[in-house]
Amino acid sequence: MARTQIEAARDGTITDAMERVAERENRDPEFVREQVAEGQAVIPANVNHDALDPMIIGREFATKVNANIGNSETTSDLETELEKLHTAVHYGADTVMDLGTGSDLDEIREAHIEHSPVPIGTVPLYEAVKQAGSPEAITPELLLEIIEKQARQGVDYMTIHAGILAEHLPLTDGRKTGIVSRGGSIMASWMEEHGEQNPLFQVYDEICEIFAEHDVTFSLGDSLRPGSLADACDEAQYAELDTLGELTRRAWEYDVQVMVEGPGHVPMHKVAENVERQQAVCDGAPFYVLGPLVTDVAPGYDHITSAIGAAMAAQAGAAMLCYVTPKEHLGLPDEEDVRDGLAAYRIAAHAGDVGNERPGARDWDDALSEARYEFDWRRQFALALDPDRARDYHDQTLPEDNYKDARFCSMCGAEFCSMRIDQDAREDGEMASLTDGRDGTDLESSPAAEVNRPPVGTHDSDGLSAVGDEPTGVEQPGDD
Ligand code: SF4
């Protein structure tokens, strides 16, 4: 019996997970199977993650968004950590990475997996550093021990920083911001101290065997991603990418699924180049990007600087976007930051899907536009990406219930509402009606129905709801 989704796909088997994914994406199950078999898409689905509702990550499917959560040295209780998971899923995260570095890591990770309907990702290197006491004290054996334990616990995908090699380190010497990846800096420090090759690279085949047994998906870390526009697309970044391409093919030999992580900070005119190069070097393995931030000058607004780059990356073929919050580079995000970050990234993902003319993607836009033109305020709120935000903003100036039927809002006012003027003119017969005979967009039966709406709360499970209906969590910075 096949152990992994890619092994089954290569054998010609359409698994239950592939059927479910096809249903969610309104695609043919055979197409899903082909994409997984060819490594062009992944279904992160550890065989031990019972609560999972399978999803797919690949450039031919709806663009996905990841949110990071996790405890730190100062915050560590189980209920708070489950609330963080609830917050992320409530605001629309398609996957969640647990980047915890505090105490009770096993208990919290197991609870996340038990309760989460979305795939859970981790960076096992962090637990290794915590257990060893310092980056230099890590051993290859310890790394394997922790990776195997997390695989048994049911982690669906793991960031493995195996692509940064000793010979890459001198290439970073002239950089403006050095090595900004947490995992990358740890591996570089280890190699400098021991004078040996990257330990994750040393034991890569053993990691593949563990991943094959539990169907853990690789998320190959980009340890040398640029941390500033000045360092984008430099020799160090692209040398590591070449290694990630080789590691992708090696994992495929073990029937292990792979996606590849990407930058970082990249100016707009080089975003597409990054995606196209990764797709070529890694033979089409899904690209999972952090941003990229398209300018360095806006701390406090980096959910915007990075969502611009993320939208461009999505249109160019990136498959999943790791969100960035307004607190990036500045501090630990709170719940409102998580909400703003996820909203920015869901906009980027959807804009990319519309730009790529994904089946049914624009139906959501058309349905909302029709509600807007018809002054159906309640439907407009319900269809909004963040319904509560839309309603709150409207009600700040026109809170009374009768304004929910008004043919204007406070932006232009009743007299100058252009849509009202336009409609009156059409009803007066001065213009041909564009609305006569219009059927309206039936979003319920659209191919976009499952993957594009409702905007929030889609994945709320009974288990998660039990944690608390009001999301209150915080998460950690996006740097993994
Ligand atoms: S008042 Fe202006 S913003 Fe408000 S509904 Fe009319 S056209 Fe739109």
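**Briefing: backbone features and a charged patch**

Pro292 is placed in the loop between β9 (287-290) and α13 (302-316). The structure is a predicted model.

**Cis peptide bonds**

- Pro292 is joined to Gly291 by a cis peptide bond, for which omega is about 5 degrees.
- A cis peptide bond also runs from Pro263 to Gly264, with omega near 15 degrees.
- Gly264 belongs to the loop between β8 (258-262) and α12 (271-281).

**Positive phi values**

- Asp215, a residue other than glycine, has a positive phi near 55 degrees.
- Asp215 counts as buried because its relative accessible area is 1%, and buried means under 20%.
- Phe375, likewise not a glycine, has a positive phi near 55 degrees.
- Phe375 is found in the loop between α15 (363-373) and α16 (377-383).
- With a relative accessibility of 6%, Phe375 is therefore classed as buried.

**Negative surface patch**

- Asp104, Glu107, Glu110 and Glu114 together form a negative surface patch.
- One of these residues, Glu114, lies in helix α5, which spans residues 105-115.
- Glu114 is classed as exposed because its relative accessible area is 59%, and exposed means over 50%.

Notes: Residues numbered from 1 in each chain as written. Predicted model: local features only at pLDDT ≥ 70, side-chain atom pairs only at ≥ 80, totals over all residues. Heavy atoms only, no water. Patch = residues over 30% accessible without salt bridge, like charges linked within 9 Å, V, L, I, M, F, W, Y side chains within 5 Å. Areas by Shrake-Rupley, 256 points an atom, 1.4 Å probe, with all protein chains shown as cover. Salt bridge = Lys/Arg side-chain N within 4 Å of Asp/Glu carboxyl O. Lys, Arg positive; Asp, Glu negative; His and termini not counted. Charge placed at Lys NZ, Arg CZ, Asp CG, Glu CD. Helix = DSSP H or I, 4+ residues; strand = E, 2+ residues; numbered from the N terminus. Buried < 20%, exposed > 50% of the residue type's maximum accessible area, 1.4 Å probe, protein only.
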